[in-house]
Amino acid sequence: MRILAAVIVSFAVIASPAAVIASPAQAQERKTMPAQASMPSREDVQRVAPALDRYTQERLLGDVWKRPGLNARDRSIVTVAALIARNQTIEMPFYLNLALDSGVKPREISEIITHLAFYTGWANAMSAVVAAKDVFAARNIGTDQLPVSQPTLLPLDEAAEADRAARVSGQFGADFPGVVQNTTDVLFRDLWLRADLAPRDRSLVTVSALVATGQVAQMSYHLNRAMDNGLTKAQAAEAIAHLAFYVGWPNVFSALPVAKDVFEKRPR
């Protein structure tokens with residue numbers, strides 16, 4: 001709880017508006033713009049939904065985040081991925097700070113945002129950039145702590161990638177050549193090989209985003225890939241349990257049959 005308390009304090013500082021000098025035109029523009037929503041304080045929640053405050057303190061922060069099946073770093077990755085996937089930016093600064101305090105590196109957060117541009121859309125990633133830039137600035141995180149745009153890529157598993165590409169091309173290549181080509185060239189021969197986010201964590205981000213957005217059709221492939229990359233069955237199950245609180249029980253229950261099928265078919 002010390003980490004969570006520290007993050008609450010740091011977020012209060014981040015949320016404070018900075019004094020700026022603006023021209024009359026800029027000032028007028030700001031007056032006409034809607035105020036940016038900020039994370040409610042605990043008092044705000046108590047004034048509106050006291051039961052929600054109790055569940056937050058006792059169940060979410062007091063129980064879920066302390067469960068032993070997944071450490072705080074992994075829970076932070078899962079939560080940040082879910083918020084980006086759903087474009088839910090109000091709580092994002094809080095959880096970005098918590099992620100950094102829990103051991104997620106700035107370069108990893110940068111890669112999570114970039115990765116999810118492809119899996120949840122460019123607009124969602126850009127919204128996450130807006131939330132992250134102030135967090136990074138408040139913590140004096142500079143570009144020297146971020147990944148370069150074109151790094152040396154990880155080695156490619158040629159056999160596995162050839163099999164994947166052949167299956168996708170055989171199913172969709174004749175009708176959708178652009179999708180198939182970009183999937184191969186941009187996703188699996190570039191994005192997935194960027195080294196600043198480990199393959200296991202990149203898979204965890206992807207599975208979390210699929211559950212968060214109810215996209216279970218691709219979950220079987222990516223959950224298998226995650227477990228091939230080192231995510232254990234227990235960790236996968238706990239990540240899904242964690243997500244129930246952040247993306248809702250219906251999305252999680254939609255994912256359970258797919259995950260169960262993956263677990264049962266993998267070698268024991």
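Reader: Hi! What should the 15 residues of helix α13 span, at 1.5 Å a residue?
Author: Helix α13, residues 233-247, should span 21 Å. In this predicted model, its end C-alpha atoms are 20 Å apart, which agrees.

Reader: Nice. Which residues in α13 are buried?
Author: Among them are Gln235, Ala236, Glu238, Ala239 and Ile240. Further along α13, His242, Leu243, Ala244, Tyr246 and Val247 are buried too.

Reader: And what covers the buried residues of α13?
Author: The cover includes helices α4 (50-61), α5, α6 (92-101), α11 (199-212), α12 (219-228) and α14 (249-265).

Reader: What happens just after α13?
Author: Gly248 comes there, with a positive phi of about 95 degrees.

Reader: Switching to the largest nonpolar core: which residues touch the most other members?
Author: Tyr95, Met219 and Leu223 do, out of 64 residues in that core. Helix α5, residues 72-85, gives the most to this core, with 8 residues.

Reader: What is Met219 in contact with, leaving aside its neighbours within four places in sequence?
Author: Met219 is in contact with Leu210, Val211, Ile240, Ala255, Val258 and Ala259. One of these, Ile240, is a buried residue of α13.

Reader: Let's go to the surface. Which residues form a nonpolar patch there?
Author: Phe118, Trp122, Met126 and Val129 form one, with about 400 Å² of accessible area together. Helix α8, residues 122-138, gives the most to the patch, with 3 residues.

Reader: Is Trp122 buried or exposed?
Author: Trp122, which lies in helix α8, has a relative accessible area of 52%, so Trp122 is exposed; the cut-off is over 50%.

Key: Residues are numbered from 1 along each chain as its sequence is written. This is a predicted model: local features need pLDDT of at least 70, side-chain atom pairs count only at pLDDT 80 or more; totals for chains, interfaces and linings use all residues. Side-chain values use heavy atoms; hydrogens and water are left out. Patches are made of residues with over 30% relative accessible area and no salt bridge: like charges are joined within 9 Å, nonpolar side chains (Val, Leu, Ile, Met, Phe, Trp, Tyr) within 5 Å. Accessible areas come from the Shrake-Rupley method with a 1.4 Å probe; for residues, only the protein chains shown count as cover. A salt bridge is a side-chain nitrogen of Lys or Arg within 4 Å of a carboxyl oxygen of Asp or Glu. Helices (H or I, at least four residues) and strands (E, at least two) are DSSP runs, numbered from the N terminus. Buried means under 20% relative accessible area, exposed over 50%, partly exposed in between (1.4 Å probe, protein chains only). A nonpolar core is a set of buried Ala, Val, Leu, Ile, Met, Phe, Trp, Tyr and Cys residues joined through side-chain atoms within 4.5 Å. Contact means heavy atoms within 4.5 Å. The expected span of a helix is 1.5 Å times one less than its number of residues.
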